[in-house]
Structures are given as structure tokens and as C-alpha cells.
Amino acid sequence: MALQIEGGLCICAATPSKVVVLRYNENLSKYCIRKPPLCPLSQEIETSEPCSCIHFTNYSILIGTNKFYEIDMKQYTLEEFLDKNDHSLAPAVFASSSNSFPVSIMQVNGAGQREEYLLCFHEMWLSKGPEVFLIQ
């Protein structure tokens, strides 16, 4: 799947130690990495853990490595996806800060509705199996 941003297509790939965002270059007829100063955020993002999942939204790319992160493709920023200040997300924030790593992410609502995602973690402390949290 590709993400259409500013008239260009983007794809995302992962290696064991980084996530790479590539944009299609019409002149070269291939996908290329855009690096600073063309792009404020280097499109090669070093990760402490291998990427386990990638999900495209209308304007960003959600990735799961040691935590869930969001790459905003309009502002070229990278930040943690879960808001630590939202107390309703406390179990998911705890899971992402412990040894429970992201496994999968998917959008669970239809087009035109408020964005809602299903985040799946490997395990939780004091849990006997995978835990699933619904994040709005």
C-alpha cells in the first residue's frame, strides 16, 4: 500500500534496525529516500527493535517497534502514538513501556468516521496472553 502525500506516492519499508520512508520520484521512475534539508525528518528512522507492523492513515504512517509511533507525512515529525496524558489509555501506555511490544495495528471504523485503531501487544505484565486495547 502507498500513501499519497503532496501529489507523490510514499511507501514504507523496514529492516531489523530502521524504518525507511520512500517517495516516488517521477523523473527517475523509482522510489527514493528524501533526506534533510529536503525533508526535516530523515526518512531513515533508526529503531531499537525491529518493526513488527506498519499502517497507513490519510496523512501519516503508524509503526510498531519497541512502541507505537506516528510519522506525520505533512509536517515530517515522529512522535509516540499513545498520549501518556490520556488516563483512559493507561493500560496501553503501560504495555508499551514494559516488555510488551507492538504486534499489529488496524483501523476498525469505516470511512468518514472518527479514526479508531485496534492496537495489539505481545503480552502484558501479569497477563497470561495477548492483550488488546481499543484506542480512539
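Touching, or contact, means heavy atoms within 4.5 Å. This is a predicted model, in which local features need pLDDT of at least 70 and side-chain atom pairs count only at pLDDT 80 or more, while totals for chains, interfaces and linings use all residues. Residues are numbered from 1 along each chain as its sequence is written, and side-chain values use heavy atoms, with hydrogens and water left out.

**The cores**

- Leu3 is also among the residues with the most contacts inside the largest nonpolar core, together with Cys12, Val21, Ile61, Ile63, Ile71 and Met73. That core has 15 residues.
- A nonpolar core here is a set of buried Ala, Val, Leu, Ile, Met, Phe, Trp, Tyr and Cys residues joined through side-chain atoms within 4.5 Å.
- At least two residues of the largest core come from each of strand E1 (3-5), strand E2 (8-14), strand E3 (18-25), strand E7 (60-64) and strand E8 (68-72).
- Another core, of 10 residues, lies apart from it, and among its members are Cys53, Phe81, Leu89 and Tyr117.
- In soluble globular proteins, nonpolar side chains tend to be buried together.

**The overall plan**

- The protein has 1 helix and 12 strands. Helices (H or I, at least four residues) and strands (E, at least two) are DSSP runs, numbered from the N terminus.
- Read from the N terminus on, the elements run β-β-β-β-β-β-β-β-β-α-β-β-β.
- Of the 136 residues in the protein, 40% are buried. Buried means under 20% relative accessible area, exposed over 50%, and partly exposed in between, using a 1.4 Å probe and protein chains only.
- Among contacts between residues at least 6 apart in sequence, 40% join residues at least 24 apart.

- Two strands pair if DSSP finds at least two bridges between them.
- E6 and E7 pair in the antiparallel sense over 4 bridges, and they form a hairpin with 3 residues between them. Across this pair, His55 stands opposite Leu62 in E7.
- E7 and E8 also pair in the antiparallel sense, over 5 bridges. Here Ser60 has Asp72 in E8 as its bridge partner.

**The E3-E4 hairpin**

- E3 and strand E4 (residues 30-33) pair in the antiparallel sense over 4 bridges, with Cys32 in E4 as the bridge partner of Arg23.
- The hairpin has 4 residues between its strands. Ser29, in the loop between E3 and E4, has a positive phi of about 55 degrees although it is not a glycine.
- Ser29 counts as exposed because its relative accessibility is 52%.

**Ala2, in the segment before E1**

- Ala2 sits in the segment before E1 and, at 34% relative accessibility, counts as partly exposed.
- Not counting residues up to four places away in sequence, Ala2 touches Leu9, Cys10, Ile11, Tyr31 and Phe56.
- Ala2 and Arg23 are 21 residues apart in sequence and 9.3 Å apart in space, C-alpha to C-alpha.

**The cysteines**

- A search of the whole structure finds 0 disulfides. A disulfide is a pair of cysteine sulfur atoms within 2.5 Å.
- The closest cysteine sulfur to that of Cys12 is in Cys51, 6.4 Å away, which is too far for a bond.
- Cys12 counts as buried at 16% relative accessibility, and Cys10 counts as buried at 0%.

**Confidence**

- The mean pLDDT of the protein is 78, and 77% of its residues reach 70 or more. pLDDT is the predictor's confidence in each residue, from 0 to 100.
- Over residues 125-129, pLDDT stays under 50, and the model has 3 contacts beyond four places in sequence for them.
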